[in-house]
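Here is a protein model to walk through together, step by step. Keep the 3D view open and turn it as you read.

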Amino acid sequence: MQGSANLNIMIKAARKAARSLVKDFREVENLQVSAKGPGDFVSKADIAAEAILKEELLGARPNYGWMGEESDEIVGEDPTRRWIVDPLDGTTNFLHGMPHWAISIALEHKGEVVAGVVYDPAKDEMFYAEKGQGAWLNDSQRLRVAARRNMAEAVFATGVPFGAKNTLPAMLRDLSRLMPQCAGVRRWGAASLDLAYVAAGRFDGYWERELQPWDLAAGLIIAREAGALVEAFRGGPEIFDSGSVLCANEALFPGLAKILREA
């Protein structure tokens, strides 16, 4: 797909930050890591990657706002536009040498995400979308959600709370209701890639609670542009406000929502 100038800026920034992350990933045992909380870490690698992304994105569009996981929010001269960035989604995977992590970049305009990039450097897979232009993988592969209609054949993704999160009992109830009715549930530890994989038809659906805008923003537009239905967990469009998401193709969404919302 021939993307807009903003999308090309996003893709270029993701690739530049990826070079820094890949270098650190190859030397992961030497990274200096500080604990932010149980199971939640921040490394020199993702701080450096966010600095690269900020330089590239704000350098190209200095009047836009900024929301990033590892730095303070910036209100831009243009209050209608802001970048929403996670420099390293899947930090725990990264720090354990598991090649499943991503750079997530979204552009928001007047409160709506209008473009998103999710880049998986370990597999060199660039997922991206713009509003009304479809979702794509790398240079030419158009993405569409899976066509499965039978819950018994479907594989879903989720995020299991780490540490002593308050939502763990609810998640265990979710699993106890859903797993007997589907082909499997996966927990791969990177929300942006979970949503991108729904767009690519690799997962049939995804749900999770306790998420931040940078976890979701880019993946949401990629999933929607590939044909997925996406709502807040309890219904409605206010996904950022709720910090939750429920996503699946049109055929499976009602059944998945019924099972999980009744749990």
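**A walk through the model**

At 28% relative accessibility, Asn 138 counts as partly exposed, because that label covers everything between buried (under 20% relative accessible area) and exposed (over 50%), with a 1.4 Å probe and protein chains only. This is a predicted model, in which local features need pLDDT of at least 70 and side-chain atom pairs count only at pLDDT 80 or more, while totals for chains, interfaces and linings use all residues. Residues are numbered from 1 along each chain as its sequence is written, and side-chain values use heavy atoms, with hydrogens and water left out.

Let's stay with Asn 138 for a moment. You'll find Asn 138 in the loop between strand 9 (135-137) and strand 10 (141-142). Helices (H or I, at least four residues) and strands (E, at least two) are DSSP runs, numbered from the N terminus. The phi of Asn 138 is near 55°, a positive value in a residue other than glycine. Most residues other than glycine have a negative phi. Glu 210 also has a phi near 55°, again positive and again not in a glycine. Look for Glu 210 in the loop between strand 13 and helix 6 (213-225). With 41% relative accessibility, Glu 210 counts as partly exposed.

Now follow a run of paired strands. Two strands pair if DSSP finds at least two bridges between them. Start at strand 3 (residues 65-68), which runs parallel to strand 5 and is joined to it by four bridges. Here Met 67 stands opposite Ile 84 in strand 5. How enclosed is strand 5 (residues 81-89) by the rest of the structure? Eight of its nine residues are buried, so strand 5 is largely enclosed.

From strand 5, seven bridges lead on to strand 6 (residues 102-109), and this pair runs antiparallel. Val 85 stands opposite Ile 105 in strand 6. Strand 6 is then joined to strand 7 by seven bridges, antiparallel as well, and Glu 108 has Val 113 of strand 7 as its bridge partner. The two strands form a hairpin with two residues between them, and Lys 110 in the turn has a positive phi of about 55°. Strand 7 (residues 112-120) is mostly covered, with seven of its nine residues buried.

One more step takes you to strand 8 (residues 125-130), which runs antiparallel to strand 7 with six bridges between them. Asp 120 is partnered by Glu 125 in strand 8. Strand 7 and strand 8 make a hairpin with four residues between them, and Asp 124 in that turn has a positive phi of about 50°.

Next, find an open sheet of five strands, in the order 12-11-13-15-14 and with mixed pairing. Strand 12 (184-186) and strand 14 (229-231) stand at the edges with a single partner strand each, so one side of each is left without a neighbour in the sheet. On average, neighbouring strands of this sheet are turned by 15° against each other, direction ignored. Inside the sheet, strand 13 (residues 205-208) and strand 15 (residues 245-248) run antiparallel, joined by four bridges. One of the pairings puts Gly 205 with Ala 248 in strand 15.

Which strands does helix 5 (residues 191-199) touch as it packs on the sheet? They are strand 11 (155-158), strand 13 and strand 15, and the direction of helix 5 makes about 155° with that of strand 13. Contact means heavy atoms within 4.5 Å. Helix 8 (residues 253-262) lies across strand 11, strand 13, strand 14 and strand 15, running at about 150° to strand 15. Axes are lines fitted to C-alpha atoms, for helices over the stretch in contact, and angles run from 0 to 180 degrees between N-to-C directions.

Finally, two helix pairs. Helix 5 and helix 6 pack at an angle of about 5°, with their axes 8 Å apart. They are therefore roughly parallel to each other, because angles under 35 degrees count as roughly parallel, over 145 as roughly antiparallel, 65 to 115 as roughly perpendicular and the rest as oblique. Helix 1 (residues 5-25) and helix 2 (residues 44-60) pack at about 160°, with axes 9 Å apart. Helix 1 and helix 2 are therefore roughly antiparallel.
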